[in-house]
Amino acid sequence: MTRVVFLLVPQLHLLDLAGPAQVFSTAADHGLGYEIGYVAEQEDVPTAQGLALRASTTWPELTADDLLVIPGWRSPVLRANGELTSATLARLAAHHTAGGTVASVCAGADALGRAGLLDGRRCTTHHDVQDELALRHPRATVVRDVLYVVDDRVVTSAGIASGIDLALHLVAVRHGPAAAARIARDMVVYARRNGDEQQTSAMLRHRAHLVDAVHRVQDLIDARFTTRLGLTDLAAASGVSERTLTRHFTEATGLTPLRYQQELRVERAEHLIAHGATAESAARAVGFQDARMLRRLRARG
């Protein structure tokens, strides 16, 4: 069981909180083992949208598997709101030191900065306060115009709806991109991931469409991409002809079903190689007969 604890700051934005909370709640509905909690320095927490929230002032015992999330708050400048006691900031730092992950949405990045967690790390925040974040925390590297940034278990996002992208990323890291894609479909949002470097999973990168027949085929390929999947079998699973499937799949994803499966294989093989596998063993592990096809596909990019 992974505990996700949201630290509520006065004048927080509801969507900064509700978006990620919905992701982890839906993940729990899928049996992925999440328990959500809310803590604050005061029991009643006013929000920017006028709805008061109730949170616990007693922190739960956290382990390295647990996640701390700080939603953003309404403020024309970072220094105007979001004040937290030194004891609370120390809790944030201690959780990270113990191996845990900390994340922020929008202005919540400033709380991580005050806890010393942005020093020497890359981060991001809402575009309106990026300059101020850089001035307030000069040892941080503020990455601009991205949805989120991950650096050594410190995850920061741009704000508002990007908190959903951040949460989907965290689910994908722990449970695989296919699980995150299922959650995104349940929430009727794009399973998108973005950054200033190529950190997107092919399973999520090509899910930014609403064609259910194509999603069903992608679900099948995601689950069995290391095995041989014929177009006839895929068409039968989608309930359309081979020609229609190929046309719809290409229109929705920009790829043929075969090319999509190849991207999944190459991505998985590169992960194995990065963790010490040889090209030959990685190629066989993802379903290629040998490394020659893997090399050709990697060279094609």
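Where does R121 lie? R121 is found in the loop between α3 (108-114) and β7 (122-123); helices here are DSSP runs of H or I with at least four residues, strands are runs of E with at least two, and both are numbered from the N terminus.

Two remarks on the source are in order. Residues are numbered from 1 along each chain as its sequence is written. The model is a predicted one, in which local features need pLDDT of at least 70 and side-chain atom pairs count only at pLDDT 80 or more, while totals for chains, interfaces and linings use all residues, and side-chain values use heavy atoms, with hydrogens and water left out.

Let me stay with R121. Is this residue buried or exposed? R121 counts as buried, because its relative accessibility is 14%; buried means under 20% relative accessible area, exposed over 50%, and partly exposed in between, with a 1.4 Å probe and protein chains only. A polar atom of the R121 side chain lies 2.9 Å from the backbone oxygen of L117. Beyond its neighbours within four places in sequence, R121 is in contact (heavy atoms within 4.5 Å) with H96, R139, A140, T141, D151, D152 and V154.

Not counting residues up to four places away in sequence, A93 touches A115 and L117.

I turn now to V23, in helix α1 (residues 14-29). V23 has a relative accessible area of 0% and is therefore buried. Which residues does V23 contact, leaving aside its neighbours within four places in sequence? They are I164, A167, L168, V171, I183 and M187. V286 is 263 residues from V23 along the chain, and their C-alpha atoms are separated by 29 Å.

Finally, the chain as a whole. The secondary structure of the protein chain comprises 13 helices and 10 strands. Of its 301 residues, 50% count as buried. Among contacts with a separation of 6 or more, 62% come from residues 24 or more positions apart. The C-alpha atoms fill a box of roughly 60 × 40 × 35 Å along the principal axes.

Thank you for your attention.

Technical notes:
Polar contact = N/O pair within 3.5 Å; in protein donor to acceptor, adjacent residues only side chain to side chain.
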